[in-house]
Amino acid sequence: MNFLENEPMSKVLERCLHMLPQADRTAMLNANVIDLQWIVERNSGIWTVGHVEDSAKASTLTLCHSQTSGGGTGQPYDPWSVCLFGFMERQHVLQHCPSAVAQAWPICYQRVTSLFNVIDPTPVSDNRASLLRSSAPPKKPPSEAQRDSLAHLWKNQVALAMRLVPQMPSVAVRCASPDLSLSFSPDSLSADRSDKSSGSTASPVALYKLVIPLLRCEVTDIRDAAVNALGLINHDALKDLMEELVVYIREAIDRKQENMRRRRRRDALRLQLVRVLERIVENGTFGISPFVLERDSLSLHPTFVEYIDGARLYLEAETDKDNSSMREVKTHFCDFIRKMIKNFSLESCSTLLTRELKRNLVNLFASWSGSAYAAPFGVIVGASASASHHAISSSIVSVSADEEKLQFGALQATSALLCCGPCFNPSHLAEDGAIYNWLDLLMAAKDEKIYDLAKETVVLLLESNPDIGQLLEWVIDRCYTACPREADACFLALAVIFSAREYPCDHYTSVINVTLLMTGCPRVEVHSTALQLLQILDKRFFGNVGPLQTEADRV
């Protein structure tokens, strides 16, 4: 059977077609059978290359191709990894081949641990080696080229291990005598879990204890391989991973005074930790893991709340704007919050975060988005924001590329939080509320990314706050009174909402009237959208109304 007839197979393999030379592309399209064995037998250089020279590209692009959706940072280099991790997505092998997964896990674990002994960037010191030394003669260390190739292989193996690792069985809490205090701690739990798993060859806890400390590794490619692998954790094992990460989380959010050397080490840990969490939510793991939400309240698990609020408090106190490391932490933190919210449905978002936490995060992100966009929320950034309106088009252009990335990331995170369930502060959506002023600024921006964000935000705000009539009235009013660019954005948002379902509204005539007006718009997108919406509204409200009776019909 041609692989294009197998929908799951074709979706995976199509991701790497553009990487292949014409001969391999033709062979793949014409092959009668496509499976892993067929892929393994490929021998052209594009399939067999062991590594790429640029370690930064290798760490960023080699793994995780399966979860990037066209928004990557360059051309992928490893079609074999693309295929492998595509097959390892939840809806493919993990879901349909549980026996194969169970058999592959111990084999993969053994290879990860064996190969790590070869590429370990921190070899055993002489004192430790004396305790572990065997009678076997020491092996000759691999050459630099061999080590690069093996390191590349280990990156894929450890990432695969995180996809395959099984969930740890629950630890039964034994009854304690009344005179003993039973205090729970992640350390004690991990110790108990380690004891229970020490007898087995393939131990999930041992895998975590091998990989997680590499977040501190000073060898870039090994550290980035650990970040990528931890970010690929499968949804069933997320709870176990977080229990191992709790100690690192508490260290990362600790705000005690420290010397420069310790602070740099801790800042490095903060960066890698938020990168791991961002990778996990990129894969949509939060949305499908039973551990992420509390069973009763359906709110975010306290482990994640503790991290988010702790990171917020630390970052609020961080005033060194020239610290490039902390700027990178801030950028990834914004992306983590935004992508995490996107993991959940609109219904789930209503209970995901507390109002207070959302309010505090919005104030934090507003302070990072530049004075123009912070002013509506009453946040003063540096000097007075009295001239903020003039900075609309320049606040993001006149800064460095890294600062621009942070500011846009902060805008995206602010939007996600404002649309995460009903608005945390109803006064923001009252007449002349802060959100309306903020949206005006977004829609007046010349940057297309910001303009598109504004349109998306209006749609999600309407969807999340159907009971706030003032919001709908503001959107309709802007269709009449705003400049063409903003009026178009507001009408297109209306069209999305009223095309999808019967939106609660007391004044449908207002919606019909603005739609009739927009049918005369000279801009093609708005004109065609208005005609389509008018047909939908006509069918919805007048579809069951028969023709008017004539005098002859009444006789």
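This is a predicted model: local features need pLDDT of at least 70, side-chain atom pairs count only at pLDDT 80 or more; totals for chains, interfaces and linings use all residues.
Residues are numbered from 1 along each chain as its sequence is written, and side-chain values use heavy atoms, without hydrogens and water.

The structure contains 13 aromatic pairs, that is, rings of Phe, Tyr and Trp (its six-membered ring) with centres within 6.5 Å; planes under 30 degrees apart are stacked, over 60 edge-to-face and the rest tilted. In one of them, the ring centres of Phe286 and Phe336 lie 6.3 Å apart with planes at 85°, so the pair is edge-to-face. The two residues, 50 apart, link helix H16 (residues 285–288) to helix H18 (residues 324–342); helices are DSSP runs (H or I) of at least four residues, numbered from the N terminus. Phe336 is buried as well, at 0%, and both rings belong to an aromatic cluster that includes Tyr307 and Trp368.

Helix H18 also holds Asp335 and Arg338, 3 residues or about one helical turn apart. These side chains form a salt bridge with closest N and O atoms 3.5 Å apart, the criterion being a side-chain nitrogen of Lys or Arg within 4 Å of a carboxyl oxygen of Asp or Glu. Asp335 is buried at 10%, as is Arg338 at 18%.

Notes:
Buried means under 20% relative accessible area, exposed over 50%, partly exposed in between (1.4 Å probe, protein chains only).
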